[in-house]
Amino acid sequence: MGQVDAIQAAPPPPLSRWQSTWRYLFAVSAGAGFWIASYYDTYAREVRALWILDLLLGAVGVVLLRWRRRQPLAVALIVNILGTFSTAASGAVVVATMSMATRRRWREIVPVAVVGFVASIVFFETHPGTGDSLLFSVLFTIVFVSGVIAPGMYVGARRDLLATLRERADRAEREQSLRVGQAQATERARIAREMHDALAHRLSLVALHAGALEYCRGLSEDEVAEAAAITRKSAYLALQDLHAILGVLRTLETDAPERPQPTLADLPALVQEAIGSGTTVRLHNQVDNLAAAPDAIGRGAYRMIQESLTNARKHAPDTAVDVTLSGRPGGQLMLEVRNPLRLGSAASPTPGSGLGLLGLTERAELIGGRLEHLTSDRDFVVRAWLPWPA
């Protein structure tokens, strides 16, 4: 019984005015019907004062229905006891007992069923005009009590099921909202990282050569034209990257194809681009086939080298950068970007956000690797170890 009691119906939902009204109408009309019929069957040959008392007890039972939700057990017991002496309370007995049964608590149902059974037997055996046998009274009482309690339990079970389904739907909606919010945050972070990786590289070239044009007064016409051409080309490529990234933001389709991402196979082109822009870069490649690296590993390594070249160009533009790659499938891909520290105390003319190295560390951790940056022998070094599955 304790296990069954643990499975309780959900709290009863509030009733509308009509739902509450028709319950009272049923209690009054059913009680009135039995009360009028009892005049001819019972009270016509006896003291008619009992008929009036019967009506008063029925009215008390209907009034008690007001508290059937606050005190379901007490109201059901009292109304069933009133049914022992009053036919007018029959409708109230049905409403109160069914309301109590919707809670599906056997510790409440059993006492009310016993009281209702005893009250019905006493009524049949004590009221004048009822000459039915005891067997008929018992059978009728069993059917009546079961017919009242069983529908109440069914209503409670259905109410519990609807409440569970509603809770699941609400929870699914909340989880879906959280998933959408998380996906949006992840997408925003991915786009921000993409903008930083792509635009910082291009715009650092623009700032570097624009600064050269501003401060270097002794440049020849050819050198000025070359610097201006590199500035124009870098600005044009930055605008292309910005247009592509903003195009992703404007796209409403969630399954829109992403633009192709660079991989480790594109590293020689990146080095040549940096050299063409005036940066001295020496590539020491000990990997047999750059294209053999998985896309995630190759893309991460490419972005780490690109960001390191951008940082070197911003903070030490007059130095040479050494890029070293080594590794093989089944082991690790190790990369190192080393450049001497800038001589003197002059600050870099190109501002930095300070988040580039943090982004590289996060990128390495996302693909299961690690990254470190340190100062060693007057060099600034960025090293990363990335897993390379066989």
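A residue is called buried when its relative accessible area is under 20%, exposed when that area is over 50%, and partly exposed in between, with a 1.4 Å probe and protein chains only. The model is predicted: local features need pLDDT of at least 70, side-chain atom pairs count only at pLDDT 80 or more, and totals for chains, interfaces and linings use all residues. Residues are numbered from 1 along each chain as its sequence is written, and side-chain values use heavy atoms, with hydrogens and water left out.

**Overall make-up**

- The protein has 11 helices and five strands; helices (H or I, at least four residues) and strands (E, at least two) are DSSP runs, numbered from the N terminus.
- Of the 390 residues of the protein, 38% count as buried.
- Contact means heavy atoms within 4.5 Å. Among contacts between residues at least 6 apart in sequence, 72% join residues at least 24 apart.

**The sheet**

- Five strands form an open sheet in the order β1-β2-β3-β5-β4, with mixed pairing; two strands pair if DSSP finds at least two bridges between them.
- The edge strands, β1 (280–285) and β4 (370–376), each pair on one side only.
- On average, neighbouring strands of this sheet are turned by 15° against each other, direction ignored.
- Strand β2 (residues 320–327) runs antiparallel to strand β3 (residues 331–340), and six bridges join them. Across this pairing, Val323 stands opposite Val337 and Asp322 stands opposite Arg338.
- The hairpin of β2 and β3 has three residues between the strands, and Gly330 in the turn has a positive phi of about 90°.
- Strand β3 is mostly covered, with seven of its 10 residues buried.
- Strands β3 and β5 are paired in the antiparallel sense over 10 bridges, and Asp379 in β5 is the bridge partner of Pro340.
- Strands β4 and β5 also run antiparallel, joined by seven bridges. Here Asp379 is the bridge partner of Ser376.
- Two residues lie between the strands in the hairpin of β4 and β5, where Asp377 takes a positive phi near 55°.

**Helices on the sheet**

- Axes are lines fitted to C-alpha atoms, for helices over the stretch in contact, and angles run from 0 to 180 degrees between N-to-C directions.
- Helix α10 (residues 295–315) lies across β1, β2, β3, β4 and β5 (379–388), running at about 10° to β3.
- From its first C-alpha to its last, α10 reaches 30 Å with its 21 residues, close to the 30 Å expected at 1.5 Å a residue; the expected span is 1.5 Å times one less than the number of residues.

- The axes of helix α4 (residues 72–82) and α5 come within 9 Å and cross at roughly 150°. The two helices are therefore roughly antiparallel to each other; angles under 35 degrees count as roughly parallel, over 145 as roughly antiparallel, 65 to 115 as roughly perpendicular and the rest as oblique.
- The crossing of α4 and α5 is left-handed, a term used if the near helix is turned anticlockwise from the far one by less than a right angle, and right-handed if clockwise.
- Residues of α4 in this contact include Pro72, Leu73 and Val75, and those of α5 include Ala92, Val93 and Ala96.
- Helix α5 (residues 90–101) and α6 have axes that come within 9 Å and cross at roughly 155°. That makes α5 roughly antiparallel to α6.
- The crossing of α5 past α6 is left-handed. Thr97, Met100 and Ala101 of α5 make the contact with Glu108, Ile109 and Val112 of α6.
- Helix α6 (residues 106–126) has 21 residues and reaches 29 Å from its first C-alpha to its last, close to the 30 Å expected at 1.5 Å a residue. Its buried residues include Glu108, Ile109 and Val112.

**A loop residue: Ala265**

- Ala265 is in the loop between α8 (221–250) and α9.
- Ala265 is partly exposed, with a relative accessible area of 37%.
- Leaving aside its neighbours within four places in sequence, Ala265 is in contact with Leu290 and Ala291.
- Ala265 and Asp295 are 30 residues apart in sequence and 9.7 Å apart in space, C-alpha to C-alpha.
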